[in-house]
Amino acid sequence: MIVVGAGHNGLVAACYLARAGLDVLVLERNSYVGGAAVSRRLYDGFTYSNCSYVCSLLRTEIIRALELPRYGLQIIPYEGGCTLMRGGGHLALYDNHDALRREISRHSRRDAESYDRFVRDMLRHCRFIKPLLLREPPDPTSWRARDLKELLWLGRHFHKLGEARLYDTLRFWTMSCADLLDEYFESEIVKAHMAGSSIIGTALGPRSPGTAYVLLHHYMGSIDGTVGAWGFARGGMGAITQALAASLTASGGTVRSDAPVEQILVKHGRAQGVVLAGGEEIRARTVVSNLDVRRTFLETMDPRHLPGEFLEQVRRFKIRGSSGKLNIALDGLPRFPAIPQGAPCIRGDMHVTDTIDMLERAYDDWKEGRWSAAPYLDMLIPSQIDPTMAPHGKHYMSVFVQYCPYRLADGPWTPQKRQAFGDTVIDTIAQHSPDFRNLILHAEIRTPQDIETEVGLTEGNIFQGELTFDQLLFNRPIPGYAQYRAPVAGMYMCGASTHPGGGVMGAPGANAARAILTDLKGPKPA
Amino acid sequence: MSAAPRRAYDCIVVGGGHNGLTCAAYLARGRRSVLVLEAGAQVGGAAVTREFAPGFRVSACAHLLHAPAAVLRELALSAHGLKLAPGALTTLALAPDGAHLPLAAPGDWPAGAGRDAQAHEAYQARLARLAAALRPLLDVAPPRLANSSWAERAALGGLALRLRALGRRDLRELLRIGGMCVQDLLDEHFESPLVKGALAFDAVLGTNYGPRSPGTVFTLLYRLAAGGGAGLAQPLGGLGALSEALAGAARAAGAEIRTTAAVQRILVREDRAVGVVLESGEELAAGAVISSADPKTTFLRLLGTEHLDTGFVRRIVNLRSRGLAAKVHLALDDLPQFTGVAPAALAGRLLVAPSPEYLERAFNHAKYRECSAAPMLEITMPTLADPALAPPGGQVLSVIAQYAPYDLAGGWEAGRQRFTDLVIDTLERFAPGLRARVRGAQLLAPPDIEREFRISGGHWHHAELALDQFFMLRPVPGAAAYRAPVGGLFLCGAGCHPGGGVLGLAGRNAARQVLKEAA
C-alpha cells in the first residue's frame, strides 16, 4: 500500500490504513513531511507555519481515532479577532458575549441584535453539513444500491430540517456571501469582517453566488467540540503532521521523505506501484494519491491508462491560484493604535478591510491578472500565545493575502514583482501599525507560484480546487468519480481535491481510507 | 371599516400586464367571473407600444417576445389579432473590427471560426437537450419539499425521473454546469472571444451577474427553456399588440377589464383577502384576489405588513429586485449604416458583446452602483419588419443597455444624459453617422421603469433571476406556489416561478392554482 504525498490528508489516510493492519509506505518528495501543514525554520530562532497557519477544521473524530494528542498535538484556542479599518476604526470580535454585543452596537445596534440570529443560523447550517463531511458522496446518476441508499439518507437528512429550514438551506447553498450578510447586517464593517472568510482561498468575490458556502466552510471548524473556534497548533502547523507521522510509525507504517514519485505504474488497468525520480521502482497492490487531481492524472500517470472523457474532465477541473502569504520575523510586538490596550483580539486573527466593496475590488484586480492593490489580509501573531514560535521578546507573524494571481497579466513572476507584491502587503499593514516596518527582521514572501513549486499544489490553490457548485459533493473532483476511487483499479485519491475539500481537515484522507478498506473487504476489484 | 362589500366577482386580477391578462384569460375560460384592474390607460403593463417621439412608436419596455407556443395556441392569440414578424429572429454579434459573427448554423460561420463552429454545434445540441429536460419545470407550480401532498410528491418524483431520463452523461453534465459560471463553460468549448461574448450575453441579460458569476449557466438554460426552442419573435405593432390580443382573448372568454383603475389596497377581513379598494375609493369584492404586481408592491404596499408575520416580511424585504437594464429608444430619419452588416441582418438582433471580459468589466461597475463605462447592448430595429411604427422613411432603434443600476450613485437625474450619450457613442462606433440621424431619443432607466410600469426596483423579472430565487424559492419560500400566506390572495406576476421575460407562464400556472383552490 503506497500513499503518494505526505500532506495531512495522505498521512491521515495512511494512519487509518496502518491501523487496519495494512503495510503502508508514504512517499514524500520534500525532505520534510507535512505538505502544506508544516513548521519551517527559515530564519534563526523562528518557526514559521509558512503555508496553512491556523487549526480548526481538523475533525475531532480523527484527532481521537488517531490519538494525535498522545503523539504531541496540542491545540491552543485563541480568542476572537478584529478588523482594522482605514482611518483608525476597528471592529473586534470577543468571545465574551456581552463584550461582543457592546462592541457591535458601537457600529450598529441593529446588527448587535441580528448577530445572534446570524450565528444561530450559521451553526444550524454547520450542524446540517457536518454529518456529510465524513461520508462518501452518492452518485445521483447511478442506480447502484449503495448510491441509492446514500441518496435516501441524504433525502431524509434534508427532510429532518423541516420545511422552512429546508428552503433556507437551499438558498444558503446557492447565494452570495454579500447577499447573505445584507439579510442580517447594515454596518459595512460588520459585513466586511464576516465576509472575509468567504473569499479566503477562492477565486471568487463576496458578491459571487456560492461564497456563502465558502463562508460556512470556514465556520465548520471546532476545537474540543466548540463549534467555530479556532486555534494554534503548539509548535506551528507542522505539529499536526508530525503527530500524524508519529501515530503512523507507531502503528507500523513508514514515511520516506526525499522520495519524489515520478510515475504511478499501471498494468492491465490495475495500479502496480510507483517509480521514483532516479528510477527506483516500488510495487504495491494499492496506490493512494494525496496530490491534487491535475497532478495525479496529468503529471504522474500515463494518459493511455485513463479514459479520454475522464482526462478531459480532469483538465477542466478548476484549480486557481488566488492567495499569497507573508511570513514575517519581528523584533518585537508591533503596535496597532486602533486596538484598545490589552484587548485580546490582537492575539486572535486581525483582518484588514473596510467594506464589501473593498473586498470585491480586490477581486476585480485578480480577475485582471494583478495582485490586489488593497488586499484582504488575515494576520496572526501566534508567538504571543505559543512561545516556541519565536525567541523571547520577538514575534512571528503570519499574513495571509487575498488576492494574488498565479499568472500575471504583464508576464511571468519575477523576483522584483514578488518583492513589489510583498511591499504592497507590508505598506498595507504599516498603515495600521506605525512601527511595523522597523520591526521586520526577515520576511518570506510567497506567491501562488512559490507555493506550487515548494508544496506541489497546482497553482498554489490551498483547497486543491475551487469550492464552487460544480466542484462540490458528488461533483468533487470529477462527476462520477467522487468516491475516492480512480478509474484505474487499485488506485485512490485522498487529497483535498476530493469531498469535502480543503482546509486542514483530514476528512478526505479518512474517507478515502474507508473506501479502500471497504473495497478490500468486499470482492477484490478486478 | 365597513363590512365586506357584496361579492361581485369570483376573481379580481390586480394589474393588466401580460401575466395578469394571461391569468385572467385562463380563469375566465375556467368559468370564473373575472375583473382585471389596470392602473394605466392601456393594458399591457410592461408589454406596451408607446409613442416616444412624434410619430415614432416602440415596445416601451420588453421588446422581444418568447411566449411559449402553448399559450399562443391555447388562447388562440392569432385569432385575436396577434401577428408575429415572419421568419426566425437572427442574431448577429458585432465585432469592433467589422468581422461580425452570425450565430447561426455552422455553415454560415465565417471561415476563421472553423473549430468554434463545430464546437458550437455540439454545445448548442447539448444545451438544447438539457433545456428541454428543464422545460417542464416552468409549466408547474413548484411543489413543496416537505409536508407535501401525495400529488405533490408524485410531481416531484416525476421531475426527478424526467431528469434521470436524460441519461447518465447529460445528467452529470447538468449537475456539473448547473451552478457554474458561463465564462468557464464557454472557455471549455470555444476560442474566439467574440463567440464567447455573444453566447455569454444571453446568460447575463437581465441579471445582476457577469459572465464570471456562478449560476449564469443556469440563467442561460432558463432562457433556452423559456424560449422552448422556438426562440424569440417580434410581434407586429410591438408588444402592445400582444397585450391587446391577450386582452381580446380574456374578454372573449368573459373577463371584464377596467383601465385607469389603480388598486390602492387589498381588502382583508378575518385574515382573508375579500376584495380591493381603488384609489378612487371604490370597493370591489371577490372570492379571490390575484396580484400580477411585483411581490414587494403586493405585500408591502397593497396588502400591508400587518397581515403578515415578521419572518415572511423579512423575506419579502430581502427579495433582490434591483433593475440593471435600461432601455434606449432612438427615432432615426433614415436607416443607419452598420459597417459590414447586411441589411437583412438588421431585421434581427444585433449584440454588442465583443468578449466575456468586456461583459465582466461592464458588470464590475454595476457592483459599485455605477453605469458601465462600456455597456453591453441588444439592438433591434422593429421598423424593418413593421414600418407602421414610424413615419414614412423613419426608423426606430430599440436598445437594451446593461449595466444601468437602479440605485445609481449620484442619482439618475445627473446620470441620465451621460448614459444616453454613452449608448449612442457605442452605437456610433459600429454605425458611423448614426448620431446625425437621431431625431429623438428616450432613456428608460430602472427608476423610470419603476415609475412608469409600477415595478419596484424597475427589474423586468420583478425579482432577480438567480438560483436562490428560483422554483420553490421564488419569490420567497412560503409564497412559491402562487399562494400568499393570506387566504384568498394569489400571485401571478413575473416575481413568481418561472419569472419574467414575456412568457405568460406565471399567469398560466397561477390561474391553474387558483382554479384548483379558490371557489
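Start where chain A meets chain B. In this predicted model, the contact draws on 30 residues from chain A and 30 residues from chain B. Stay on the chain A side and select residues 163-174, which form helix 6, and then residues 356-367, which form helix 13; each of these helices supplies at least two residues of the side that touches chain B. Which helix of chain A gives the most to that side? Helix 6 does, with 7 residues.

Next, hide chain A and look at chain B by domain. Domain 1 takes four selections, 7-47, 67-85, 235-320 and 455-518. Give each one its own colour. The centres of domain 1 and domain 2 of chain B, taken over C-alpha atoms, are 28 Å apart. Where these two domains of chain B touch, 19 residues come from domain 1 and 17 residues from domain 2. On the domain 1 side of that contact, expect 12 nonpolar, 5 polar and 2 charged residues.

Keep chain B on screen and pick out two helices: helix 6, residues 182-189, and helix 7, residues 193-204. Their axes lie 10 Å apart and meet at an angle of about 150°. Angles over 145 degrees count as roughly antiparallel, so that is how helix 6 and helix 7 of chain B are placed relative to each other. The crossing of this pair in chain B is right-handed. Show side chains to see who makes the contact: helix 6 of chain B brings Val182(B), Gln183(B) and Leu186(B), and helix 7 of chain B answers with Lys196(B), Leu199(B), Ala200(B) and Ala203(B). By class, the residues of this helix contact in chain B split into 5 nonpolar, 1 polar and 1 charged.

For the last stop, bring back chain A and find its open sheet of 7 strands, which runs in the order 7-6-17-18-19-16-20 with mixed pairing. Which strands of chain A stand at the edges? Select 90-93 for strand 7 and 440-446 for strand 20: each has a single partner strand, so one side of each has no neighbour in the sheet. From one strand to the next, the twist averages 15°. Then zoom in on strand 6 (81-84) and strand 17 (349-352) of chain A, which pair in the parallel sense over 4 bridges. To see one of the bridges, click Gly81(A); its partner in strand 17 of chain A is Asp349(A).

Conventions. Residues numbered from 1 in each chain as written. Chains lettered and ligands numbered in written order. Predicted model: local features only at pLDDT ≥ 70, side-chain atom pairs only at ≥ 80, totals over all residues. Contact = placed C-beta atoms within 7 Å. Domains from an automatic or database assignment. Nonpolar A, V, L, I, M, F, W, Y, C, P; charged D, E, K, R; others polar. Axes fitted to C-alpha atoms, helices over the stretch in contact; angles between N-to-C directions. Parallel < 35°, antiparallel > 145°, perpendicular 65-115°, else oblique. Left-handed = near helix turned anticlockwise from the far one by under 90°. Pairing = 2+ DSSP bridges.
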